[in-house]
Amino acid sequence: MRKTWPDIRTYRPDNKVNWVPSGESFFNALFKIISEAEEVLHFQFYILDDDKIGMQCIELLMKASERGVKVFVVVDAFGSNSLSKHHEVEMKKAGINFRRFAPLIENKFIFIGRRLHHKIVVADNKISIVGGINIADKYHGSKDQPAWVDYAVIVEGDLSIQLARVCNRIWHKQFEAKVRFKSKPAKKSNKIEHGTMLVRMRENDRLRGKNGISISHRQAIKTARESINIVGSYFLPSTRFRYLLKRAVKRGVKINILLTDISDVPFVKNGTRYLYSWMLRNNIHFYEIENRMLHGKAVVVDDVWMTIGSYNINVLSVYNNVECNIDIIDDVFAKDFNRHLYHIMKHQSKEITKENYERTNTVWNRLNDWTSYQILRLIGKILLFFTHKISGDEE
């Protein structure tokens with residue numbers, strides 16, 4: 001069992017963290033936090049839909065505002081474009097501070113590609129939810145349609161103060177200010193103490209010089225000794241990331257990647273399929289979850305470290321999106337999540353082997369996958385170029 005972790009000094013103790021899957025479990029927890037908020041509530045999501053679960057959420061937010069809670073809601077202008085102006089007006093009438101993040105064209109400012117990909121709720125600087133689950137019926141599921149597979153963590157403790165500050169900066173557009181979180185005395189060693197949960201928040205926002213999540217991923221893969229398990233909903237790793245995975249396999253690390261068989265963005269799925277032959281050549285084990293859409297984003301290393309949040313392993317999350325993840329060092333927590341992943345891989349997925357891949361890898365499919373991958377790379381480069389701000393200091 002691993003006894004150390006290289007950057008353990010950057011983590012914080014005294015926080016309680018639990019993971020929760022999408023579906024009723026997540027929304028019950030979310031609605032409870034909103035309903036019990038007393039003073040300040042931050043609510044930031046990429047997607048807030050005009051459907052049944054979205055309306056339930058909006059009603060609870062309005063009730064919170066009406067009972068005196070200061071409610072701050074920020075949704076992405078593109079991701080939540082289905083949210084009607086009517087419901088926006090209703091929330092504002094109820095006293096909710098509401099804003100859409102970075103419309104594609106807004107007076108002096110033009111953004112192409114930069115999106116608020118957060119899925120964060122913080123109540124009273126005490127309790128938070130951070131993950132990859134949006135507010136829409138498809139993440140809740142029904143009797144006829146299972147929920148999209150995704151995850152979040154519930155954080156209780158002073159890390160919520162830091163998360164609230166991040167949300168506050170987004171709301172006030174105070175990106176330039178260096179908001180520092182008062183740290184506790186640093187540990188004198190990198191030793192992992194059994195039974196002590198350590199957590200930290202990580203951000204990615206290239207425009208503001210933040211790439212903490214990307215660094216966490218790379219460092220964890222370099223550090224891995226035994227195993228790496230990846231939940232990759234829109235898995236399109238960079239050349240550098242693939243090189244690190246290849247190196248890990250060569251030093252004896254077993255890598256499992258959980259992918260989706262069906263996708264809401266088939267073009268991206270085709271691009272991912274282009275990498276299947278590379279993964280097979282490099283002895284990386286990967287699985288397609290069956291009959292359900294996978295939307296989760298998580299990585300577990302050596303049964304001791306994991307990260308979970310909004311960050312996808314692709315160029316959009318690296319360069320274009322505003323992302324937030326929670327890193328956790330705790331062997332009990334990581335093993336529990338790994339048991340869940342192994343169960344899905346064994347009972348709800350099919351492993352892609354050389355034999356079953358070659359049966360479906362027709363000339364047409366190879367051409368389609370290659371074309372999708374090359375176009376996605378080109379789109380990534382174009383979006384990276386246009387992510388630069390045209391003028392001003394705010395989005």
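I take a nonpolar core to be a set of buried Ala, Val, Leu, Ile, Met, Phe, Trp, Tyr and Cys residues joined through side-chain atoms within 4.5 Å, where buried means under 20% relative accessible area with a 1.4 Å probe, protein chains only. The model is predicted, and local features need pLDDT of at least 70, side-chain atom pairs pLDDT 80 or more, whereas totals for chains, interfaces and linings use all residues. Residues are numbered from 1 along each chain as its sequence is written, and side-chain values use heavy atoms, without hydrogens and water.

Cores. I looked up the largest nonpolar core and found 83 residues, with Leu30, Phe43, Ile228 and Met279 making the most contacts inside it. I noted a second, separate core of 35 residues, including Tyr151 and Ile308.

Sheet. I traced an open sheet of seven strands in the order S1-S10-S9-S8-S2-S3-S4, with mixed pairing (at least two DSSP bridges between two strands). S1 (16-21) and S4 (97-101) each have a single partner strand, so one side of each lacks a neighbour in the sheet. S3 (residues 70-76) pairs with S4 in the parallel sense over five bridges, and Val75 stands opposite Arg100 in S4.

I found H2 lying across S2 and S3, at about 150 degrees to S3; axes are lines fitted to C-alpha atoms, for helices over the stretch in contact (heavy atoms within 4.5 Å), and angles run from 0 to 180 degrees between N-to-C directions.

Note on methods
Buried means under 20% relative accessible area, exposed over 50%, partly exposed in between (1.4 Å probe, protein chains only). Helices (H or I, at least four residues) and strands (E, at least two) are DSSP runs, numbered from the N terminus.
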